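Q: I would like to learn how to read the local features of a model such as this one. Could you take me through them one at a time?

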Amino acid sequence: MKAKLEVDQEALIADFMTLVSIGSLSREEANVAAYIRGVVEELGCTVEEDDAMDEVDGTSGNLIVRVSGDDSLPIILLMAHMDTVAPGNGVTPIRHEDRITSDGKTILGADDKAGVASILHALRVLRRTKENHPPLEIVFTVCEEVGLLGAKALDRSRLNASYGFCLDSGGTLGFVVAEGPAQAKLHARVYGKAAHAGVAPEKGISAIVVAAEAIAAMPLGRVDARTTANVGKIQGGHATNIVCDFVEFFAEARSLDAERLKAQQDAMSTALQEAATKYGVRVEALWTDSYPALHLPESSFLRTMITNAMAKLDLAPIFGPTGGGSDANVVAGKGIPIANLAVGYQQIHTLEEWIALRDLTLASELVLELIREGANHHSLV
Ligand SMILES: [Zn+2]
């Protein structure tokens, strides 16, 4: 850690503990949004709430915070999400010697309140030092945990940023997502033919048998080093004495590689169609794109900025792959170069979730140093 911390660690920890104690399940972010709005307005920033609330059918839209700065510098986008997974209401954070946990009855919600707090406290330092820095756009999103819905609903035309940093990856501080997969989802429908299972089974065609053959023929699991696929839900049928006339199942495919994802989707659709042809039934394969891949190429100026910023904190960046998606994938897909960085939270989405006090503090110092790096980047090369 650098010799002199600039972030007020005790104030940061106190703010973090307040943030996690405000319940904010997906679609129920209104209270935490109000808290964040209060903090940034007190710091003199302007805040807009977009109309994502209607699109996600929730209680709050995304908050877009604008922080004025040196207009000769490209605008930096910072992102963190406000919602948490369940059980996330009634969180009682407990401060131990070196870390913060919940009381074991809920998640902690450091995912992603640590990201939120780290941004807020970097802003506090900038307000105190009055140093020259790039203008900032900060987006605190809703509904990240239920399919990146807030980021998807975010209107690209509201953003003027040239590049950005998302503070929403697990792992020890220093980890940076070098590549994250694109995801597509499949809703498959299989139409069989009903018949009495005891009286005239030969008159029926079982949709269950067709679906079973199709799924058994699909490449699933860890398909290759860069591609995964899973059938996660199946439903249909009526009773044991009826040959099943309809089954539907839900599946996903992910790949770090757009072409591999397409090939995987084709393989799954083909398996379904071949089973349908064999039995002479109708099937439907409805694919939807969930989010695009996230890539941080070795040549990216963002890698240089991150490496420089981390060096000031005696941190060495670890650029690695992830299997998950984040708001950063969606924003990258909207054409803004963005990196997703670890904030230090561990064992997320479990009752054992925790974050080290050191990492929480360093995350905020890192945001500060990234913004300062932005002051050295008049152009994006
Ligand atoms: Zn998260």
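A: We begin with a definition: a salt bridge is a side-chain nitrogen of Lys or Arg within 4 Å of a carboxyl oxygen of Asp or Glu. This is a predicted model, in which local features need pLDDT of at least 70 and side-chain atom pairs count only at pLDDT 80 or more, while totals for chains, interfaces and linings use all residues. Residues are numbered from 1 along each chain as its sequence is written, and side-chain values use heavy atoms, with hydrogens and water left out.

Q: How many salt bridges does the structure hold, and which residue forms one with Arg-95?
A: The structure holds 21 salt bridges. In one of them Arg-95 is paired with Glu-10, with 2.9 Å between the closest N and O atoms. This pair links distant parts of the chain, 85 residues apart, since Arg-95 belongs to strand 4 (residues 94-95) and Glu-10 to helix 1 (residues 9-21); helices (H or I, at least four residues) and strands (E, at least two) are DSSP runs, numbered from the N terminus.

Q: Which residue meets Glu-131 in a salt bridge, and where do the two residues of the pair lie?
A: The side chain of Glu-131 meets that of Arg-372, at 2.7 Å from N to O. This pair too links distant parts of the chain, with Glu-131 in the loop between helix 4 (110-129) and strand 6 (136-141) and Arg-372 in helix 10 (residues 357-374), 241 residues apart. Glu-131 counts as partly exposed at 23% relative accessibility, whereas Arg-372, at 18%, counts as buried. Both residues take part in a network of salt bridges that links Glu-6, Glu-131, Lys-312, Glu-369, Arg-372 and Glu-373.

Q: Which residues coordinate the zinc ion?
A: Donors are N, O and S atoms within 2.8 Å of the metal (3.2 Å for Na, K and Ca), and water is not among the atoms, so sites may look incomplete. Here the zinc ion is coordinated by His-81 through NE2 and by Asp-111 and Asp-168 through OD, at 1.9 to 2.3 Å. The spacing of these donor residues in sequence is H-x29-D-x56-D. Because His-81 lies in strand 3 and Asp-111 in helix 4, the pair ties together parts that are 30 residues apart in sequence. His-81 and Asp-111 are both buried.

Q: Where is there a cis peptide bond that involves Asp-111, and which residue is joined to Pro-87 by one?
A: The peptide bond from Asp-111 to Asp-112 is cis, with omega near 15°, and Asp-112 lies in helix 4. Another cis peptide bond joins Ala-86 to Pro-87, with omega of about -5°, and Pro-87 is found in the loop between strand 3 (76-81) and strand 4.

Q: What is the phi of Arg-27, and what is that of Gln-347?
A: Arg-27 is not a glycine, yet its phi is positive, at about 75°; Arg-27 lies in the loop between helix 1 and helix 2 (30-42) and counts as partly exposed at 33% relative accessibility. Gln-347, also a residue other than glycine, has a positive phi near 50°. Its place is in the loop between strand 17 (345-346) and strand 18 (354-356), and Gln-347 is partly exposed, with a relative accessible area of 46%.

Terms used. Buried < 20%, exposed > 50% of the residue type's maximum accessible area, 1.4 Å probe, protein only.
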